[in-house]
Amino acid sequence: MNKTVELVKLWGDYEAQHPDCTIDDFFRHRLSLAAKEEKLAVPEWQLHPDINGKLMILIRRIGKYHIVYSNKALEGTGLDQIEEFGILVTIFNQVNPIKSEAIYNNIMELSSGTNMLNRMKKRGLINEHSDKEDKRIKRLKLTTKGEESLGKAKVRVLQVAKMMVSVLSDEDKQLCLHLLSPVSERFAGTFPKHKNKAFDEILKEIVGEGK
């Protein structure tokens, strides 16, 4: 069968079953079929995650690899860990943000974020000053040393990112961004609000009762 005719037939069959679907839905469906993993023989007594758990384990493992290699790459830049780079980027991009903004933007607890800011201040990477309208509010700014460290670290961080996803084509990277961005957007801004809530309350808010 001609490949174009085959593609049209596949689309027609899928559209018949999903009248409100889009082209994007169709291609995601085809990718999901291609990505079905082989069933491996494993002992029944072992614990194994469902599809949700597998995805989160994969994301977490990739994130841990990224942290390890990033921290190694940052040696000699004046930064000790990748979280410090995130803090500097936030301060640079937001132009004198308040301390809590810099902390929560990097998905950190207020206490640990404050400790990190204090350490960075002692090392001369940042300084803080009172807000012009509200003296109780402290705003952050990069020092000359902080800007120099940010410039050096940026080069290394981009190298790590390129290395981490070198096995993927640009098209695959765009697809990953498209598929996972809604997950990030769903939780954006909620982290500080959930700090004092019980997990069951958060679960109900996110997915509904009884999920």
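**Reading a predicted model, from its helices to its core**

Student: In which helix is the confidence of this model lowest, and in which is it highest?
Tutor: This is a predicted model, and its mean confidence in helix α2 (residues 23–34), the lowest, is 75. The protein as a whole averages a pLDDT of 89, and 94% of the residues score at least 70. Where pLDDT is low, the predicted coordinates should not be read in detail. The lowest confidence therefore belongs to α2, while the highest, at a mean of 98, belongs to helix α7 (residues 144–164).

Student: Is Leu 33 buried, partly exposed or exposed?
Tutor: Leu 33 is found in helix α2, and its C-alpha atom is separated by 29 Å from that of Gly 208, which is 175 residues apart from it along the chain. Buried means under 20% relative accessible area and exposed means over 50%. Because the relative accessible area of Leu 33 is 34%, the residue is partly exposed.

Student: Which residue has a side-chain oxygen that reaches the backbone nitrogen of Asn 52 at the start of α3?
Tutor: Helix α3 (residues 51–73) has 23 residues, and from its first C-alpha to its last it reaches 33 Å, close to the 33 Å expected at 1.5 Å a residue. At the start of this helix, the backbone nitrogen of Asn 52 has a side-chain oxygen within 3.1 Å, and that oxygen belongs to Asp 50.

Student: Why does Ser 70 count as buried?
Tutor: Ser 70 is found in helix α3 and, not counting residues up to four places away in sequence, touches Ile 82 and Val 160. A residue is buried when its relative accessible area is under 20%. Ser 70 is buried because its relative accessible area is 1%.

Student: How far apart are the end C-alpha atoms of helix α4?
Tutor: Helix α4 (residues 82–94) has 13 residues, which at 1.5 Å a residue should span 18 Å. After this helix comes Val 95, whose phi is positive, near 55°.

Student: Which element supplies the largest share of the largest nonpolar core?
Tutor: The largest nonpolar core has 20 residues, and those with the most contacts inside it include Phe 85, Leu 88 and Met 120. At least two residues of this core come from each of α4, α5, α6, β2 and α7. The largest share, five residues, comes from α4.

Student: What covers the buried residues of α4?
Tutor: The buried residues of α4 include Ile 82, Glu 84, Phe 85, Ile 87 and Leu 88. Among these, Glu 84, Ile 87 and Leu 88 are in contact with Met 120, which also contacts Leu 125 and Ile 126, leaving aside its neighbours within four places in sequence. The cover over the buried residues of α4 includes α3, α5 (99–105), α6 (110–122), β1 (126–130), β2 and α7.

Student: Which residue's backbone oxygen does the side chain of Thr 143 reach?
Tutor: Thr 143 lies in the loop between β2 (138–142) and α7, and at a relative accessible area of 17% it is buried. Not counting residues up to four places away in sequence, Thr 143 touches Gly 124, Leu 125, Ile 126 and Asn 127. The backbone oxygen that its side chain reaches, at 2.5 Å, is that of Gly 124.

Student: How many disulfides does the structure hold?
Tutor: Cys 21 counts as buried at 15% relative accessibility, whereas Cys 176 counts as partly exposed at 36%. A disulfide would need a pair of cysteine sulfur atoms within 2.5 Å, and the number of disulfides in the structure is zero.

Definitions and conventions: Residues numbered from 1 in each chain as written. Predicted model: local features only at pLDDT ≥ 70, side-chain atom pairs only at ≥ 80, totals over all residues. Heavy atoms only, no water. pLDDT = per-residue confidence, 0-100. Helix = DSSP H or I, 4+ residues; strand = E, 2+ residues; numbered from the N terminus. Buried < 20%, exposed > 50% of the residue type's maximum accessible area, 1.4 Å probe, protein only. Expected span 1.5 Å × (residues − 1). Polar contact = N/O pair within 3.5 Å; in protein donor to acceptor, adjacent residues only side chain to side chain. Contact = heavy atoms within 4.5 Å. Core = buried A, V, L, I, M, F, W, Y, C linked by side-chain atoms within 4.5 Å.
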